[in-house]
Amino acid sequence: MSTSAAAASARPTKPRPSPWRWVIVAAVVAFTWFAAEQTRFSIPELIENFTRANDLAKEFWPPAWEVARGLVDPFLETIQIAVIGTIVGCGLAIPLSFLAAYPTAPGTAVRVISRFSMNILRTMPDLFWAILFATAVGFGPFAGAVALSIFALAIMAKLFSETVDAIETGPLEAVRATGASRFQAVRRAVWPQVRPNFVAYAFYIFELLIRASVVLGLVGAGGVGTSLNRWRQFFQYDRVMVLVLITLVIVLTLEAVGALVRKRLS
Amino acid sequence: MTEVERPVEPLAQRLLRWGVAIVILGPMLWSVLGLEISLTRLARAPGLTWTIVSAMFPPDLEDWRKSFDAVLDSIYIAWVGTIIGAVGSFVLAFPAARNLAPKPVSAVARFILSSIRAFPELLLAILFIPVVGLGPFAGVLAIGLHSIGTLGKLSSEVIESSDRGAVEALDASGAGWLSTTRWAVIPAVMPEIVAYWLYRFEINIRASAVLGLIGAGGIGDRLVNLLRFRDFPAAGTVLGLTIVTVLLVDTLSARVRRRIITGRWRRQGRGPVATQPVPVG
Amino acid sequence: MIELRDLSVVYPGGVVGLDSVDLTIPDGQFVVVVGLSGAGKSTLLRAINGLVPATSGSVKVDGEEVVGAHERQLRDIRSRIGMIFQTFNLVTRTSVLNNVLCGRLSQVPTWRSTLGLWPTKDKDIAFDALTRVGIVEKAYVRASDLSGGQQQRVAIARALAQKPTLMLADEPVASLDPPTSHQVMRYLQRINRELEITTLVNLHFLDLAKEYAERIIGLREGKLVFDGAGDDVDDDVFRDIYGRSLTADDILETPTL
């Protein structure tokens, strides 16, 4: 069949692309431009500053390794804060998630209140929690640990409750039908299904918390951040560099270990 | 009647359960002892917190304008930072995808992304300040760079888990690498990737709020100063504004993400919005 | 014309895909390949267009050697070979027309295809191909909104858009119900006759093979064990190919009594 006039007229007409597409693109571009202005974003300035690189490099390099020894304890403290935050936060998140998830919530009122509290808790940045608790219970790692616990609770609750929302309700119904209590039913019929997700989220949150914990000291909530704050205020960037490099090593190692463990578990 | 032998729980499983308990309790104990957290401190904490929080009500709406401007600043910083992250991650995601790029290329790309991701935005901002000076610009760069790292990793994972069928078909027809990627991979992965961009914006709003602490714009340092001078009602305003703003952004973003992934605006059934920032399994 | 000489494919790990296969297929022939899963049917097809590298031997398509060809040449050869798959392998999130246009990718300048600025000539070819498989009216429909049979027809149109001299079909009807399977096989047959495109089809079902094939190739454990007309496939031949007697699983439609 060659392209004859009859064949060509059998073709459907091309549907008009909706104007919305262009409206959205235009709006995004316009807002980006506006926001860039407001934040004084400027590429020429960026380039200009980076060509000053040589002078800058002297501020950062070589790293002041002599402070590394003094960082060991603070880093341990940082890790300890992250550990507590992860375990406590994820632990508390379990009941909250079950209360907030459709299949396991004991009633609409409880579920709605739980979801709402979860969403509110989630809005606060980690350091805001830290500032708040540092003011309330005093500066130091205790405030940091509490802050990160709540932070982890919020994140885990959201992730985990969504996972529970998506489970197969069959096993749950079967167990409830035998007369088991709500708690037992959840423990035996739901938990095994969602446990792998929970573990994966916990690892993710731990990695997240380590990073958050490094800067907690900027608001007086313990860890290496205290030293970081002091050094940056005195423009001692070669010392900051030491902290940066050690952080890099710790985080990358944790990531590699996490990936290995995940591979072994599956 | 012959006795039926009951199987005994295999040793490996029992060891695993003990192992898990140790892995959780061990570090916990070490940390609690290391930080010298006493029960008394723990007991007094809720009371102390309540004192502060209750002092924030009713919030002082006098100076709300200043706080509002600061919140707007946070939004601008987060937006531009997310755009930078989206563009940068899009470029890096393809070389980082192990099913698209040769091994050495993807290894390098992944390493770069992992390294960028390792630093909290605040730390990056501290490093940028001597380069571009104080102010929101440093914050934008910090958030942008960190976002490139996280979005890059997530995007590359989306690409790696995409269906290979269409790619094989285009390969078999003699199409080149670029054409195949553009026509078989990109249409399949774009909805999920754009959803991740939006999700990242939600997170970046929180990150940018905090940047003020080191003078990189945003509402963070206002909060610190107010608390330092024990002006709790005004601090309450700041926190309240933050909560409301973030809630709004979260809800809007969730709706748009839902539309992108499922094609509808309202939730049908109880499923999540299908954007999990965590690789599971 | 396709010439396979002493073609062997051994997968990493030692699994033998093809074992010294000798085969010549003249232009315009409609050949069906049958055999158990794992007998080498898929390997045979993929060795012809180089998706699976040959371990030894030679594959010549229209006089050009596929084994060991470097990338440029391989893409050139592949542009003249159309392939359809059991799972259709369409880009589900885009329109039928865009899918078929992908068949033109090897012939259109990269910058034009990347930006979606397809030349009119190529759009005409795409529409022609869609008309030939009878679904031109669905040109702007999203591929995933179509039924299985319709999607396979889009896949055929995509292959046709390449203006191929050879058509490879790897179990094209395995995911389709009997009436649709016949419909797709009939399209393949018509295309073979009207456009004189050499066609090589892998089929699981013997009755389909006998109904549509001009020539049947039987593979067993990578070796060619039968090469002849459909009528010549009796019980003995069947046992040679399948290693057992005919069962209901091997036939698409159980005969009504």
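Start by selecting Gly13(C): this glycine takes a positive phi near 110 degrees, in a hairpin with 5 residues between strand 1 and strand 2 of chain C. (Strands are DSSP E runs of at least two residues, helices are H or I runs of at least four, and both are numbered from the N terminus.)

Before you go on: this is a predicted model, where local features need pLDDT of at least 70, side-chain atom pairs count only at pLDDT 80 or more, and totals for chains, interfaces and linings use all residues. Residues are numbered from 1 along each chain as its sequence is written, chains are lettered from A in the order in which they are written, and side-chain values use heavy atoms, without hydrogens and water.

Now show residues 2-10 and 16-25 of chain C. These two strands pair in the antiparallel sense over 6 bridges; pairing takes at least two DSSP bridges. Click Val9(C) and look across to its bridge partner, Leu18(C).

Next, hop to chain A and pick residues 108-123, which form helix 6. Its buried residues (under 20% relative accessible area, 1.4 Å probe, protein chains only) include Arg111(A), Ser114(A) and Met118(A). They pack against helix 5 and helix 8 of chain A, plus helix 8 and helix 10 of chain B.

Then select Phe128(A). Beyond its neighbours within four places in sequence, Phe128(A) is in contact (heavy atoms within 4.5 Å) with residues of chain B, among them Ile219(B), Leu223(B) and Leu239(B).

Note on methods
Expected span 1.5 Å × (residues − 1). Buried < 20%, exposed > 50% of the residue type's maximum accessible area, 1.4 Å probe, protein only.
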